[in-house]
Amino acid sequence: MKYDYLMIHYGELSTKGNNRKQFIQALLHNVRVALKPFEVVCKGDHDHIYVYLGDKKVEPIAERLQDVSGIQKISLVAKSEKDIETLKANACELLDLERGKTFKVEVKRTDKAYPLDSHGIAVALGDAILDHRPDLSVDVHEPDILLKAQVRKEGAYLSCHEVPGIGGYPMGMNGKVTMLLSGGIDSPVAAYSLMRRGIKVECLHFAAPPYTSEAVIDKLKDLLKALNLYQNDIKLEIVPFTELQLDIYKYVPEPYCITIMRRMMLRIAEGVARKNGCLAIATGESIGQVASQTLASVQTINAVTSFPILRPLCCSDKLQIISVAEKIGTFDISIRPYEDCCTIFKPKKPKTKPRIDECEEYEAKWDWRSQVARCIEQTKKIYLSEGEEVFSKVETERKDEE
């Protein structure tokens with residue numbers, strides 16, 4: 001008896017009704033893409049996706065699956081015939097591969113025509129194991145070995161090992177958004193949070209050369225390469241923000257500069273999002289973390305658009321955000337000492353309770369609308385696919401793929 005498959009459990013997908021099949025097909029596609037380098041066969045049904053291991057090493061395959069959104073957990077399973085004598089023999093053989101002094105049997109029976117119920121199967125397997133392995137004893141609370149058995153119409157599955165997935169929904173099932181990517185710690189974590197929910201992310205960065213370094217772009221590429229584990233293809237658009245930002249500091253009192261700058265960014269982000277067919281704008285903001293993220297500031301900044309704005313980290317504290325950043329491999333990249341346009345032009349005493357009417361008064365001093373339009377039209381596009389920058393595909397080809 002040997003382990004034959006990895007069994008993928010759907011988690012939240014199991015709550016879906018008439019469109020469940022669509023979600024499963026999307027997850028199966030994403031699993032196949034993620035496991036393409038391993039050359040394994042993947043098949044799905046109403047309840048699970050199966051990865052046929054053959055002679056492949058299980059650890060790297062399971063590790064890669066843990067980065068695919070829409071997966072609740074991954075079990076290492078062996079398939080058995082359903083008749084109880086064969087099932088008992090295979091369970092005993094499987095436990096010979098495991099180390100420990102105590103065990104427990106859990107059974108799930110979806111084949112309601114099976115002659116034994118779940119409890120009866122568990123008792124039969126437990127008795128057989130005790131007869132086969134007198135060195136083992138039963139511990140129903142904290143066993144060294146947990147044997148799980150599923151009895152289904154097509155066969156039975158036995159497992160002693162499982163690892164958690166990241167949950168959520170399959171990538172792309174919940175539309176796409178324009179993510180404001182600064183290069184700091186927060187926005188990559190926010191992007192990851194959206195990806196977990198099946199939302200495809202397209203990134204937007206505001207660059208102000210020569211005041212910001214070209215090294216920031218390399219930093220952004222490295223961040224997106226890390227995020228490619230969770231979304232295979234990511235588009236990054238670079239906004240030429242220098243002219244508009246200089247005029248903000250020319251016409252606007254210093255305490256209001258960050259607020260006006262954020263209002264301009266939202267206007268530009270909305271234009272880019274609509275052009276690209278995105279359904280919302282997303283940011284890495286956390287309420288109260290900085291002056292532009294107080295609720296008063298958020299209200300004043302949001303007033304420029306009716307477009308949906310997602311803030312996945314709005315109630316997360318910094319330590320929580322850092323913990324996720326370390327987990328997904330973006331933290332060390334984010335703390336590289338290259339500043340973006342928000343930090344380069346940071347005012348000494350930013351306004352924490354800005355007023356909409358005052359913002360509108362300051363914005364009336366110059367023609368910012370034409371500058372916003374130019375920013376939207378003149379973005380530079382970069383594509384990151386499977387951890388590599390892609391140069392060969394033009395914009396129309398990429399849209400066709402999406």
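Select Y5: this residue is buried, at 12% relative accessible area (buried is under 20%, exposed over 50%, partly exposed in between, with a 1.4 Å probe and protein chains only). The model is predicted, so local features need pLDDT of at least 70 and side-chain atom pairs pLDDT 80 or more, while totals for chains, interfaces and linings use all residues. Residues are numbered from 1 along each chain as its sequence is written, and side-chain values use heavy atoms, without hydrogens and water.

The structure holds nine aromatic pairs (rings of Phe, Tyr and Trp, the last by its six-membered ring, with centres within 6.5 Å; planes under 30 degrees apart are stacked, over 60 edge-to-face, the rest tilted). The ring centres of Y5 and Y52 are 4.7 Å apart and the planes stand at 70°, so this pair is edge-to-face. Y5 belongs to strand β1 (residues 5–9) and Y52 to strand β3 (residues 48–52), so the pair ties together parts 47 residues apart in sequence (strands are DSSP runs of E, at least two residues; helices are runs of H or I, at least four; both are numbered from the N terminus).

Next, select Y251, partly exposed at 26%, and W366, buried at 9%. Their ring centres lie 5.4 Å apart with planes at 10°, so the pair is stacked.

Last, select R267 and W368. The charged end of R267 sits over the ring of W368, 3.9 Å from its centre (NZ of Lys or CZ of Arg within 6 Å of the ring centre and within 35 degrees of the ring normal).
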